[in-house]
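User: Hi! Could you help me learn to read a structure, one feature at a time?

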Amino acid sequence: MTAKFLAEMIGTMIILLFGSGVVANVLLGKTKGNNGGFFMITLGWAVGVLLAIYATAPISGAHLNPAVTIGLASIRLFPWPEVPLYIAAQFLGAFIGAVLVYLAYLKHWEETPDPGLKLAVFSTGPAIRNYPANVLTEIIGTFILVFVGLSIGISKSAITSGLNPLLWGFLVWGLGVSFGGPTGYAINPARDFGPRIAHFLLPIHGKGSSDWAYSWVPVVGPIIGGILGAIVYKMVYMG
């Protein structure tokens, strides 16, 4: 059980190192990748997911996302008693990853006057703030993530086939370029909430608000989408 906890924690940390890292590189002032664009951001997140799955699938099945864990448990492909452990590891890993990105870009926060750009390194936000529409976007994105991801194959399949993590990376990349516009495609409660806590706690120069009013959207939407994606997967593939 300790090995699974560590794997989920480290795997989610890897996702945030690459994901928040590329956002910091693109958005923060005086970086080498400044103004690299949204395509560069989506690629960074995809690579993070791909490498995290390669690193942890043999140990924990590489859920790395509470929406995936809850979705699998909802169709009895994962034991409910292990759900809290996995989710705790995922949130902790996301928090640690965000803190490490903060340290890696330590001298660039002062070079970034816009507090919104600093928050974007840690968590998602809507292009147009409309909570029903924002939740719907996250539901759709996470539904696709879980349904297609389960169709690709997880856990044992990810161990035996080297292509599966690569396909998961392409899946996340495609979701980013296709559905990232309205909300920044959180599609993972840990990826958003853990780093948002880090943003709240860290001594970031001129950081501004952590936008807690929006924080429930990238938690509730992905969980609903993950459960729906798992249920439809079960209906289609398991009868």
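Analyst: Gladly! Buried means under 20% relative accessible area, exposed means over 50%, and partly exposed is in between (1.4 Å probe, protein chains only). Trp212 has a relative accessible area of 35%, so Trp212 is partly exposed. This is a predicted model, where local features need pLDDT of at least 70, side-chain atom pairs count only at pLDDT 80 or more, and totals for chains, interfaces and linings use all residues. Residues are numbered from 1 along each chain as its sequence is written, and side-chain values use heavy atoms, leaving out hydrogens and water.

User: How is a pair of aromatic rings described, and how many aromatic pairs does the structure hold?

Analyst: The distance of the centres and the angle of the planes describe such a pair. Rings of Phe, Tyr and Trp (its six-membered ring) pair if their centres lie within 6.5 Å; planes under 30 degrees apart are stacked, over 60 edge-to-face, and the rest tilted. The structure holds 14 aromatic pairs. One of them is Phe38 with Tyr185, edge-to-face at 6.4 Å centre to centre and 75° between the planes. Those two residues are 147 residues apart in the chain.

User: Is Tyr185 buried or exposed?

Analyst: Tyr185 counts as buried, at 7% relative accessibility, whereas Phe38 is partly exposed at 39%.

User: Which aromatic cluster includes Trp212?

Analyst: Trp212 forms one aromatic cluster with Phe91, Phe193 and Phe200. Phe193 is partly exposed, at 27% relative accessibility.

Terms used
Helix = DSSP H or I, 4+ residues; strand = E, 2+ residues; numbered from the N terminus.
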